[in-house]
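Subject: Structure for you to look at

Dear colleague,

I am passing on the structure we spoke about, and below it I have set out what was found. Please keep the view open beside this message while you read.

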Amino acid sequence: MTAGPGLVALLTDFGTRDWYVAAVKGVIASRAPRVRFVDITHEIPPQDVVAGAFTLAAALPWLPPGTVVVAVVDPGVGTGRAVLAAQADGRFLVGPDNGLLGLALARANRRRVVRLTKPRYWLPEIGRTFHGRDIMAPVAAYLARGGALRRLGPPHRATPLALPPVVQRGRIVAGRVIHIDAFGNLITNLKAQRWLPAGSAARSARLACRHRTAPVVSSYAEGGPRQLVAVAGALGLMELAVRNGSAARLLGARRGDAVTLRRTSS
Amino acid sequence: MTAGPGLVALLTDFGTRDWYVAAVKGVIASRAPRVRFVDITHEIPPQDVVAGAFTLAAALPWLPPGTVVVAVVDPGVGTGRAVLAAQADGRFLVGPDNGLLGLALARANRRRVVRLTKPRYWLPEIGRTFHGRDIMAPVAAYLARGGALRRLGPPHRATPLALPPVVQRGRIVAGRVIHIDAFGNLITNLKAQRWLPAGSAARSARLACRHRTAPVVSSYAEGGPRQLVAVAGALGLMELAVRNGSAARLLGARRGDAVTLRRTSS
Amino acid sequence: MTAGPGLVALLTDFGTRDWYVAAVKGVIASRAPRVRFVDITHEIPPQDVVAGAFTLAAALPWLPPGTVVVAVVDPGVGTGRAVLAAQADGRFLVGPDNGLLGLALARANRRRVVRLTKPRYWLPEIGRTFHGRDIMAPVAAYLARGGALRRLGPPHRATPLALPPVVQRGRIVAGRVIHIDAFGNLITNLKAQRWLPAGSAARSARLACRHRTAPVVSSYAEGGPRQLVAVAGALGLMELAVRNGSAARLLGARRGDAVTLRRTSS
């Protein structure tokens with residue numbers, strides 16, 4: 001099981017209305033003609049490094065080993081912030097050193113990070129506003145063609161991404177909404193396996209947000225048609241969801257909102 | 001004319017903001033490294049099986065024989081609803097048994113449907129909320145690599161999709177808006193060939209919706225710049241359209257609205 | 001550096017909710033099975049030929065030589081407007097003759113344009129509303145497989161795209177906002193190299209729009225966190241931008257708004 005003739009995945013805040021994504025892909029395809037592209041998303045909210053880091057970390061384990069991911073959410077473009085290339089459990093990452101790669105790197109069992117310092121691997125002319133095209137795209141093409149990470153620059157310690165902490169007080173666990181997905185599901189920083197190990201205890205646990213309380217169920221469909229329920233989502237994180245509806249709309253919730261898990265036995 | 005080294009097309013209600021589509025593609029690419037992807041759409045309104053079925057049936061005949069389509073609009077995920085794989089006029093379909101595949105199957109001349117019952121073709125661990133990734137993606141990879149449909153499970157009769165009926169009373173034919181496209185065109189369930197066979201009769205026919213009446217013309221451009229007209233759309237279905245404008249906005253129309261075709265000779 | 005086994009890029013106003021893009025890709029993949037697709041965008045505002053022309057011209061130089069671009073923003077579909085195929089600096093373009101290709105052709109050093117007149121290269125049946133699928137897609141497949149442009153029809157002079165003029169009065173240069181990108185940056189028709197050649201003069205120049213005036217800086221990051229600045233963007237055109245914000249929202253600006261560049265020495 002390998003990635004075949006070079007898979008390059010992209011995650012940006014460029015949107016899909018403009019020519020920016022095509023320029024990045026064009027530079028890569030010019031230098032690695034057999035590569036194939038997978039768009040993770042280009043709709044990270046502009047300059048929202050946390051949302052980008054979350055989405056990247058969630059997608060990465062499902063991409064084939066050998067995949068090169070170009071991640072560009074880069075408010076500091078044109079400043080002195082470093083640009084990185086990394087290897088994480090057999091996949092490659094290219095992106096700015098602003099925490100965007102931090103969550104994916106933290107979850108990896110094996111990782112290696114270098115700072116990009118060798119202009120010979122970049123485009124001949126580097127603009128100030130578009131390092132995704134001028135630096136990251138040619139480096140991604142180099143890696144997709146089997147180039148060696150260590151040639152791109154010296155080892156580097158990547159900036160980590162800070163997530164809000166989880167606080168436990170007896171049977172109460174306090175966390176936060178860290179992401180709201182396309183269905184309006186509220187994804188929290190509470191790991192289901194850590195806070196709700198399998199067994200009857202989970203059955204009567206309840207998760208609250210914005211003065212609404214939801215039973216913990218084992219699938220969306222266990223809830224009634226418009227009922228708020230808490231489930232362990234595909235990522236292993238507790239999320240609040242409404243079957244055939246939007247938990248975000250029902251609760252008027254936003255990212256960062258507090259959530260409280262109340263367990264019947266601790 | 002074959003699909004080349006494996007074409008996989010995707011139709012979902014996942015949206016494009018999140019990592020879900022990439023996870024499905026990553027699982028497929030991990031198991032069928034040479035596959036190429038075509039996104040039909042990921043913007044089916046959440047859990048809107050009718051819109052998904054319509055869009056799938058419209059796209060399918062244009063995809064090369066051998067294409068594998070993964071279709072996921074699946075409000076019943078985690079319940080007992082079956083998951084299907086099918087062959088329809090040389091293309092393959094993988095999706096839930098909730099009517100989503102029904103329209104495409106009904107239009108096919110040759111079809112074969114099986115219910116997915118063999119976990120050996122799925123991911124080793126099956127979550128409760130993401131069968132698109134855990135069951136449908138590996139099955140699609142298997143089919144894209146030339147695997148045999150019949151091995152995936154026993155024959156099955158797929159749930160059909162119910163569309164609103166067309167009612168004829170003399171020269172009046174009553175139908176419904178079944179889809180509103182990105183241009184605001186109102187697509188109806190009235191087949192042009194059935195209700196307006198070629199000839200002078202069509203020339204003076206009129207199609208009404210929400211108290212507005214439109215002449216039947218043979219191209220958008222026959223209408224004035226802001227005129228409401230009725231045309232036979234690319235699918236062979238009558239649609240209401242405004243040149244350089246949106247019929248949906250002009251009429252305040254919604255899916256399900258009644259339309260009335262008045263023919264001058266029956 | 002070649003495009004490998006056929007790269008086809010698409011730019012349309014079809015949106016991504018519907019089956020239209022998949023139909024175009026399906027026709028191409030049926031006739032050129034090894035082709036790979038790059039979406040430039042499908043979110044050109046409906047029938048907005050200027051936005052399409054701008055985006056196409058901006059993307060084109062970054063796509064590998066040999067790439068075939070299908071561009072469909074086509075309010076005149078079904079009328080007598082011509083459909084064109086062209087070669088521009090080694091890339092191919094297929095689209096309607098309404099100015100959409102004009103900006104890309106004007107920027108090319110070498111160009112050749114033909115009018116599509118040979119139905120043998122099209123689908124057997126040509127509808128009136130979807131020439132992107134019925135004419136342009138099969139022609140793109142023919143070119144992607146190495147077909148000869150001159151066989152498709154006779155030479156043609158493409159309709160140019162008219163952009164608003166730049167007017168200079170002494171140290172004042174008056175232009176317009178011609179595009180607003182996904183970040184809310186306001187892109188103008190003022191070429192940085194023409195109006196602000198490198199040197200100290202640029203340092204004290206100022207660009208105004210809607211009664212707000214911005215200093216000309218050399219990168220987004222030179223501005224304060226919410227400061228309006230003017231920079232030479234990735235295209236070499238002056239643009240107004242707000243770091244970590246939207247210049248379009250700050251100014252309430254729209255495409256077509258007047259901008260005024262005031263230089264301290266002319």
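Is Arg133(B) buried or exposed? Arg133(B) has a relative accessible area of 5% and is therefore buried, since the cut-off for that word is under 20%. Please bear in mind throughout that this is a predicted model.

**Salt bridges**

The side chain of Arg133(B) meets that of Asp134(B) in a salt bridge, with 2.6 Å from N to O. Asp134(B) has a relative accessibility of 1%, so this residue also counts as buried. Another salt bridge in chain B joins the side chains of Asp74(B) and Arg81(B), again with 2.6 Å from N to O, and both Asp74(B) and Arg81(B) are buried.

In chain A, you can find a salt bridge between Arg210(A) and Asp257(A), whose closest N and O atoms are 2.6 Å apart. This pair links distant parts of the chain, as the two residues are 47 residues apart: Arg210(A) lies in the loop between β10 (206-209) and β11 (212-215), while Asp257(A) lies in the loop between α7 (247-251) and β14 (258-262). Arg210(A) is partly exposed, with a relative accessible area of 41%, whereas Asp257(A), with a relative accessible area of 13%, is buried. Over all chains, the search of the whole structure finds 16 salt bridges.

**Helix α1 of chain A**

Helix α1 of chain A covers residues 20-31, which makes 12 residues, and it reaches 17 Å from its first C-alpha to its last, close to the expected 16 Å. Among the buried residues are Tyr20(A), Val24(A), Lys25(A) and Ser30(A).

**Where chain A meets chain C**

The contact between these chains takes 32 residues from chain A and 34 residues from chain C. Together they bury about 2800 Å², of which 58% is on carbon and sulfur atoms. Within chain A, the residues that lose the most area to chain C are Arg17(A), Trp19(A) and Thr129(A), which together make up 24% of what that side buries. Across this interface there are 0 salt bridges, but 8 residue pairs are in polar contact. On the side of chain A that touches chain C, α1 and β2 (36-41) each supply at least two residues, and the largest share, 9 residues, comes from α1(A). By residue type, this side divides into 15 nonpolar, 8 polar and 9 charged residues.

**Where chain B meets chain A**

Here 32 residues of chain B are in contact with 35 residues of chain A, and the two chains bury about 2800 Å² between them, with 58% of it on carbon and sulfur atoms. Arg17(B), Trp19(B) and Thr129(B) supply 25% of the area that chain B buries against chain A, which is more than any other three residues supply. The count of salt bridges between chain B and chain A is 0, while 8 residue pairs are in polar contact across the interface. The side of chain B that touches chain A receives two or more residues from each of α1 (20-31) and β2 (36-41) of chain B, and α1(B) gives the largest share, 9 residues. The residues of this side comprise 15 nonpolar, 8 polar and 9 charged ones.

With best wishes

Terms used. Residues are numbered from 1 along each chain as its sequence is written. Chains are lettered from A and ligands numbered from 1 in the order in which they are written. This is a predicted model: local features need pLDDT of at least 70, side-chain atom pairs count only at pLDDT 80 or more; totals for chains, interfaces and linings use all residues. Side-chain values use heavy atoms; hydrogens and water are left out. Helices (H or I, at least four residues) and strands (E, at least two) are DSSP runs, numbered from the N terminus. The expected span of a helix is 1.5 Å times one less than its number of residues. Buried means under 20% relative accessible area, exposed over 50%, partly exposed in between (1.4 Å probe, protein chains only). Contact means heavy atoms within 4.5 Å. Buried area is the accessible area (1.4 Å probe) that two parts lose on being put together, summed over both. A salt bridge is a side-chain nitrogen of Lys or Arg within 4 Å of a carboxyl oxygen of Asp or Glu. A polar contact is a pair of N or O atoms within 3.5 Å; within protein, one must be able to donate a hydrogen and the other to accept it, and residues adjacent in sequence count only if both atoms are side-chain atoms. Ala, Val, Leu, Ile, Met, Phe, Trp, Tyr, Cys and Pro count as nonpolar, Asp, Glu, Lys and Arg as charged, and the others, Gly among them, as polar.
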